[in-house]
Each structure stands twice: as C-alpha cells, then as structure tokens.
Amino acid sequence: MEVNRLTRAIIIAMLLGIATGQAIRWYAPVQPEEFASNITLITDVFLRLINMIIAPLVFTTLTVGIAKMGDTTTVGRIGIKTLLWFMMASMMSLILGLVMVTILSPGVGLHLDIPSSSLASGVDAQALSFRDFVIHAVPRSVIEAMASNQILQIVVFSLFFGLAAAAIGAPAYPVIDMLKSVSEIMLKVTAYVMNFAPFAVFAAISAMVAKEGMGILSTYGAFMGQFYFSLSVLWGALLLMGALVLGRRVFTLFRMIREPILLAFSTASSESAYPKTLESLSTFGTPKRISSFVLPMGYSFNLDGSMMYCTFAVMFIAQAYGIELTMAQQVTMLLILMVTSKGMAGVPRASLVVIAATLHQFHIPDAGILLLLGIDHFLDMGRSATNVLGNAIAAGVVAKSEEGNEAPLEENVA
C-alpha cells in the first residue's frame, strides 16, 4: 500500500513526538509540565484553524447538498436512512462495549488504589440532560452557532435554509451557486491548513508523553490494551456492516480515509479530521450532497468509539468497586446511554460527563472516574479515530442506497 506524503509525515511526527517527550522527561532542565504548556501552542493553533474552517464548510456543503436533493421527500428519505443506520451502529457499539468489558473484566483484581467514594471527580454529572440537548439543538442565532462551532445547530439551520432554497426554485440558484463556490474555496483552505498537521501532531504527542510519561502505559497497560482490543473488534464489526452494503469497496473506503483516521488519532479530536474526511469521501465517489448531509449528523448522533467507551468505562468502574449490575440493570444502562449519548455534541469532555451521569443513575461512586482521568487522552485517541471510521462508513452506505435516485436541481446548480 502506497502511503502518501501527509500520512508519512504524520507517522514520522508521532514517532518524533514520542522520542522528544521522553527525552524531555529524562534530560531537559525544564519541567515537563512547562514544556507541555509551551509546545501545545502549536496544536492549539492548528485546532483553531480547523475550527475556523468547520462552520462555513458545514453550512455551505450541507445547504448545497440539500438544495440539490430538490424536495422534502428526498431529504426525508435520506434522513431516515441515515438515522436508522446511526441507531443500528450506536446500539451495536454499546452492546459490544458491554460484552467485551464483561468478558475481559479489566476492573476485577485491579492493582491500583481505588479512589474513596467520597472524593469528587470534578466532572459535572448534571451537565447533560435530554431536555438540554433538545433545546441546545435549535440555535437562537445562526451567527452565534457559527461563532461557537455548534455543529448540530448549524445542521438545523442549514436544513431549513436548504429546503427553502429548493422550494423556491430558480430564484435560489444564484445563492446556491455562490455557496457552492464558497465550499470549494473552503476545501482549498483546508488543503492549506492540512500542511500544518504534522507539526500539530508532533506537539500533541510530545506534550502528552512529556507530561504523563511512558510509565503510565505500564500502570494502565492491561486496561488500555483491553480497550484498544475491544475497539479493534468494533472496527471489524463496522467494516462487516459496511461490507453488507458496499461489498469489497468498503476496504477501498478504509484505505482512502486512513489520513483522517490517523489525524483524529494523533490529535485526539474527531473535529480535526472532518474536512479531510469530506474530501476523502468525495474521492471515494460519495456524492457531496450525501456526505455533506451524513457527516455533520454523524458528529452529533453517531460517535461509535465514544459510545463503546461509555459502556466499557461504566462497567470497568463498577467492577473496580465490586458492584455487580443485574442483567436488567445492564439493559437499562444501554437504553439510558442510547439516549444520553446523543447529547454529547457541544458538551466539554462529553464522554466523561455521560459516564458520570450513568454512574449516578446506578449509585456507583463517580469518584471512579479519577481512575480514568490520567489516561483519558490516550483513550480519546482511539475513540476519535473510531468515530471517523463509523461516520465515513455511514456516508458510504447511505450513498450506495441512494444510487439511481437523481437530484432534481443537479442540472440547474453549477
């Protein structure tokens, strides 16, 4: 397999970051925390550049895509297919996480000091509710939504805007043409920003290793190994689900999205991979009207890696405290997570917040989250990469199911 220049550069940056971070811990006179604080400036700048791109890219591509679909029937059909796929993938991720943590039992016989149940985790378990999620989904102002990169709110506005443009027909064509040009410009800006990715990866990895040290891998090595093994099983399941629709082309898709997957892994951010994922799906042959609709929805409703982590982490903490959940409680937990996980979008440290809220429901000490805080960044790398894979497969599957359905405005919109 030929590895292109950006992928090669990111891999080299990761290796150099590990070596540099460990060298700082061993030899540098500066404090590792000070080095990490300074070097992450590079990563922060890169992520801000990504955030700069996301709002206009989501709005323009999604609006043009919906306008090209032409009517509410087409949008509704694609929307239903997308949400059905998301529900299947979400439930599979949650169940698989529960099965794997039950089989592997990482919290049983844990050779770590278990935090006292009276300690505070520092994670607000009340920060997430279904009511807040529904209210949060509707923007008070599209300008505010774009300024704060609230993807779900941008999706809601774009949905209304695109449907209105399709409904009025010819008068909307100049606006849609302009938005299409803006989206092409933003994709070019994305290409420029991606040139900074290896530097951001180097900074993120070196800061993490300098601050935490490779020793944390030996302390939590068994747990991390079991979690990443579980993620690999989830990857296999997602690819198998994709193969049922895409056939062997699912492996072609996997090869084409290796860059965004690697970028999400190395920066521990699914958002950093959004523009590159959109571009890779276009190269794969997924129509932009489909990918620009499915991907933003996926970032709000289809975080497969994060959902597996939720069940895995809740059961791990329960095992660590010697608390057994009955089968009925485990089923209840799955249903709760199926709903609450859909509110992850826009919530800081969303996975930990969902976990804390779920622990509270079953009277499991949320102080157990302290067991995970030190390695959460390492775990987030795998979760983010899995989220990208799941959303890319979802876009490919929905596009395949829409083959033969023509977009009425395709001829009218340049």
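Helices here are DSSP runs of H or I with at least four residues, and strands are E runs of at least two, numbered from the N terminus. With that in hand, welcome to a predicted model, in which local features need pLDDT of at least 70, side-chain atom pairs count only at pLDDT 80 or more, and totals for chains, interfaces and linings use all residues. Residues are numbered from 1 along each chain as its sequence is written, and side-chain values use heavy atoms, with hydrogens and water left out. The protein chain has 19 helices and zero strands.

**The chain as a whole**

- Of the 414 residues in the protein chain, 54% count as buried; buried means under 20% relative accessible area, exposed over 50%, and partly exposed in between, with a 1.4 Å probe and protein chains only.
- Contact means heavy atoms within 4.5 Å. Taking contacts between residues at least 6 apart in sequence, 87% join residues at least 24 apart.
- Accessible areas come from the Shrake-Rupley method with a 1.4 Å probe, and for residues only the protein chains shown count as cover.

- The expected span is 1.5 Å times one less than the number of residues.
- H8 is largely enclosed by the rest of the structure, because 12 of its 16 residues are buried. Among them are Pro198, Val201, Ile205, Met208 and Val209.
- The cover over these buried residues includes H1, H2 (32–69), H7 (173–194), H12 (258–267) and H19 (376–401).
- Just after H8 comes Gly213, with a positive phi of about 80 degrees.

**Helix H2**

- The 38 residues of H2 should span 56 Å at 1.5 Å a residue, and the end C-alpha atoms are 53 Å apart, which agrees.
- H2 has a kink of about 35 degrees centred on Leu41; the bend at a residue is the angle between axes fitted to the seven residues ending there and the seven starting there.

- Ser230 sits in helix H10 (residues 221–246) and counts as buried because its relative accessibility is 0%. Not counting residues up to four places away in sequence, Ser230 touches Met100, Leu104, Met308 and Phe312.
- Gly396 belongs to helix H19 and is buried, with a relative accessible area of 3%. Leaving aside neighbours within four places in sequence, Gly396 is in contact with Leu246 and Thr286.
- Gly396 and Gly285 are 111 residues apart along the chain, and their C-alpha atoms are separated by 8.6 Å.

**A nonpolar surface patch**

- Ile11, Leu15, Ile18 and Met214 make a nonpolar surface patch of about 320 Å². Patches are made of residues with over 30% relative accessible area and no salt bridge, with like charges joined within 9 Å and nonpolar side chains (Val, Leu, Ile, Met, Phe, Trp, Tyr) within 5 Å. A salt bridge is a side-chain nitrogen of Lys or Arg within 4 Å of a carboxyl oxygen of Asp or Glu.
- Ile11 lies in helix H1 (residues 5–26) and is partly exposed, at 38% relative accessible area.

**Positive phi in loops**

- Ala268 is not a glycine, yet has a positive phi of about 55 degrees. Ala268 is in the loop between H12 and H13 (274–284), and counts as buried at 11% relative accessibility.
- His363, in the loop between H17 (350–361) and H18 (370–373), also has a positive phi, near 55 degrees. His363 counts as exposed, at 71% relative accessibility.
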